[in-house]
Structure formats: structure tokens, C-alpha cells
Amino acid sequence: AMGGNHTQPKFILLGITDTPWAQAPLFGLFLLIYIVTLLGNIGLIVLVWVAPSLHTPMYFFLTHLSLADICYSTVISPKMLTDLLFGNKTISWAGCLTQFHLFALFVTAECHLLATMAYDRHMAICHPLSYVMVVSRRACWQLVAWSYLVASLSALIYTSCTFGGSFCGPRQVDHFFCDASPVLRLACSDTRGSEVAIFALATANGLGTSVVILLSYGHILHTVLGMRSAPSRARAFHTCASHLVSVSVFYGTLFFMYLQPASRHGSRDKVASVFYTVVSPMLNPFIYSLRNKDVKAALGKCRRRMLNLC
């Protein structure tokens, strides 16, 4: 039994804070955020599903973004909430590996989906005549499949780099979920190779997708500023501005976390992590849809249909 216990160590998640009086208010806050995240994202998926007017590429990608948001906030929030509530912060080696693997998969998918959405907006605004041909139904499925394929392969590499070594000594993960750098700090084998591999892949995924996003929005802004009619200029500008806010929060905190040397990681990491693991999935459905005429119209239609049924 001892041998089995040694190969499968338990980890202890130190959590967001060890201040006793802060646990209850944080539990309340994160529970509220998680509920809003689920309601907002599931609501958006259902709305797009039932409203024929929203059966367009943009909303197709948006439902997949919502799905990724639901998945990775669910990988992290419930465990964090039970830790805050009960103070039982242990997680098995397999649980830790699974949590990290799924988190890496859905966050990477989110990066590629955000890039896909930026490309979609770029085609719609800058090349409206060829848009229907280029962004066909088949192309939409291919772009989403590509996002998940790259994410799956990346997650496999991240996970094997993070959990491939041996762990010994204190198994306290100084974080509220199993993330690469706090877990790698507990390894007793040399982790430099793993750190370099993770850094290189995170850079390729992060910078690659953010370049697509920046170029797309750069072209969009250029096109928008050249528009003759002020209302359509304002509308396109509003849409882009809100998308860019969401993207900036997500990427800004991701880059802060993963594109800094291991020695620089510290207590601020947890604050940054809260933004892309908890806050970003909550904001996305509201940023991408509530400012939107089509969604408001579809919501109104659904509400009228519901009232007629009643």
C-alpha cells in the first residue's frame, strides 16, 4: 500500500487566501459569479439554438465560446468553492492532473475561438461581398474543429510536461487550482526542459492567436473609419470596442501569468488568475451579446412567445 501511496501523492491546494474571515465573503462572491456565468452562457447557447435569426457564423462561434467558458469555469469554480466552504483543500494526483488538463484544453480552445471570431468579424465588415462564400457552414465547422484539435494536442503536451516528473517533499500547491507553475515548483526532478516547452507552446498559442485578433481588428478599424454613414460607423466601432475590452482582460492576465519567468511568479498570480478563470467567462456572454441588436430582438421574440404560451 505504501508504494502505491508514494506514486500517487495527494496535493494540498492552498487556495486564494488563508485569512479565515475572508473565506465566507469570497465563497459568496465566487458562487454568485459562477451562477451568473452558467446562466449567461447557457442562456446564450439556448437563445442561439431557438432563434433562427441568430443562425449565423458569428453566433455559431459565440456558442462554442460560451461552451468553452462553461467548461473551464466548471473545471475550476466548484472545487474552489468547496475548498472555501469546507476548508478541505486536498486533491488527488489524478484529480490535479485532470483539472489542469481540462483547464489547459478549454483555455487554449478559447484563444483559438477568439481568433476565429475576430477573423469572422474582419471578413463580415471588410469583405462583405465574399463573406457568405468564405465563411460557409463547412468553413465554420472546420475552424471550430481546428480550435479544439490544436487545444487537445497542446493540452496533452502541457500536461505531460507538468506531471511527467516525480514529486517529493511538501505537496502544497500555492494556488486555488492545479496550474503548471505552482505544480512544477513541487517537482524534485529537473523541470527546466518542461518549463521551456510549456513557455514555447504557450507563446505560440497566445501570441499566434493574439496577432490574428490584432490584425483583424486593425483592418476592421481601418474599414470602419472609412465608412460614409455615421450610424454604421458608430455601431461597428461599439462592437469592436467591447470585443477588444473582453479580449484585453483575457489575454492581458494570461500573458502576465504564462509569459513571465518561473522565478517571477508570486502572490499576484492568484489575482491575475481570477480574471481569466472566473471573471472572463462571466463577462463574455454579456460583452458579446447584450450590446447587440440581433440578440435583443431575439430575446424580445422569445419573451413574447413565452407570454403567448402562458
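Me: Why is W49 called exposed?
Reply: W49 has a relative accessible area of 70%, and exposed means over 50%, buried under 20% and partly exposed in between (1.4 Å probe, protein chains only); W49 is therefore exposed. W49 lies in helix α2 (residues 20-50). This is a predicted model, in which local features need pLDDT of at least 70, side-chain atom pairs count only at pLDDT 80 or more, and totals for chains, interfaces and linings use all residues. Residues are numbered from 1 along each chain as its sequence is written, and side-chain values use heavy atoms, with hydrogens and water left out.

Me: What makes α4 mostly covered?
Reply: Of the 34 residues of α4, 26 are buried.

Me: What makes K301, R303, R304 and R305 a patch of positive charge?
Reply: Lys and Arg count as positive. Patch residues have over 30% relative accessible area and no salt bridge, with like charges joined within 9 Å and nonpolar side chains within 5 Å; a salt bridge is a side-chain nitrogen of Lys or Arg within 4 Å of a carboxyl oxygen of Asp or Glu. These four residues gather in such a patch on the surface. R303, in helix α11 (residues 293-309), has a relative accessible area of 57% and is therefore exposed.

Technical notes
Accessible areas come from the Shrake-Rupley method with a 1.4 Å probe; for residues, only the protein chains shown count as cover. The place of a charge is taken as NZ of Lys, CZ of Arg, CG of Asp or CD of Glu. Helices (H or I, at least four residues) and strands (E, at least two) are DSSP runs, numbered from the N terminus.
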